[in-house]
Amino acid sequence: MRRLLAIVLLLPVLALAQTAAPKKAATKAKPAGPAAVVVTPDKIQWGPAPPIFQPGAQFAVVAGDPSKAGAFIVRLKVPDGYRIMPHFHPTAENVTVLSGEFRVGMGDKFDESTLVNLPAHSVAVVPASHSHYAMAKGETEVQVNAMGPFKLTYVNPADDPSKGQASAAPKKKAAAAKK
């Protein structure tokens, strides 16, 4: 009788212990989410910039995918004198100057006299739909953090090299060379 009583009392305790154990283990599991990204300079893969930029720039995707919704980080390396004509983006962008000097201006017309010098380690935060332009002094590398999908719209469509048209400045140089 004692055995029967012990078994009857132990069965609910064992059943309770077994149902509680998986719950405890489940709370220790880490929630699924994005994986950590760690990138060292030797892992950055540089290539030509997308056709939305004038030729001569190098481009690297550091994290994320600029063509998709979500956060991304890209780097742009440009030669001395490289210009990015007035443009805007549908999302805000955070630009960090890694090396060289990036000169930036705000507005719809490129005006070299209004450029602000951003030496290495400077940061510019440009709101969504805010027209801006830039020029490099010396070889310059910048990092852009933003939300995708990435889109760059030139204020003057003639400045968009992806449309097969050159900007006004190169056209003038080409015309002068023909004379």
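Reader: How much space lies in the largest cavity?

Author: This is a predicted model. A search of the whole structure finds three cavities of 30 Å³ or more. The space in the largest of them is about 260 Å³.

Reader: Which residues that line the largest cavity are the closest to its centre?

Author: The lining has 23 residues. Strands β3, β4, β5, β7 and β8 each give two or more of them. Closest to the centre are Ile-84, His-87, Glu-93, Val-95 and Val-144.

Reader: Which element gives the most to the lining of the second largest cavity?

Author: This second cavity holds about 50 Å³ of space. Its lining includes Phe-72, His-89, Val-144, Ala-146 and Met-147. By class, the lining residues are six nonpolar, two polar and two charged. With three residues, the element that gives the most is β8.

Reader: Is Met-147 buried, partly exposed or exposed?

Author: Met-147 sits in strand β8. Its relative accessible area is 44%. Buried means under 20% and exposed means over 50%. The value lies in between, so Met-147 is partly exposed.

Reader: Which residues does Met-147 touch, not counting those up to four places away in sequence?

Author: Ala-71 is 76 residues from Met-147 along the chain, yet their C-alpha atoms are separated by 4.4 Å. Met-147 touches Gly-70, Ala-71, Phe-72, Thr-91 and Ala-92.

Technical notes
Residues are numbered from 1 along each chain as its sequence is written. This is a predicted model: local features need pLDDT of at least 70, side-chain atom pairs count only at pLDDT 80 or more; totals for chains, interfaces and linings use all residues. Side-chain values use heavy atoms; hydrogens and water are left out. On a 1 Å grid over the protein atoms alone, a cavity is a set of points where a 1.4 Å probe fits but cannot get out, and a pocket is an open set with protein on both sides within 12 Å along at least five of seven lines; lining residues have an atom within 4 Å of a point. Grid points are joined across faces, edges and corners, and a volume is the space filled by probe spheres set on the points. Helices (H or I, at least four residues) and strands (E, at least two) are DSSP runs, numbered from the N terminus. Ala, Val, Leu, Ile, Met, Phe, Trp, Tyr, Cys and Pro count as nonpolar, Asp, Glu, Lys and Arg as charged, and the others, Gly among them, as polar. Buried means under 20% relative accessible area, exposed over 50%, partly exposed in between (1.4 Å probe, protein chains only). Contact means heavy atoms within 4.5 Å.
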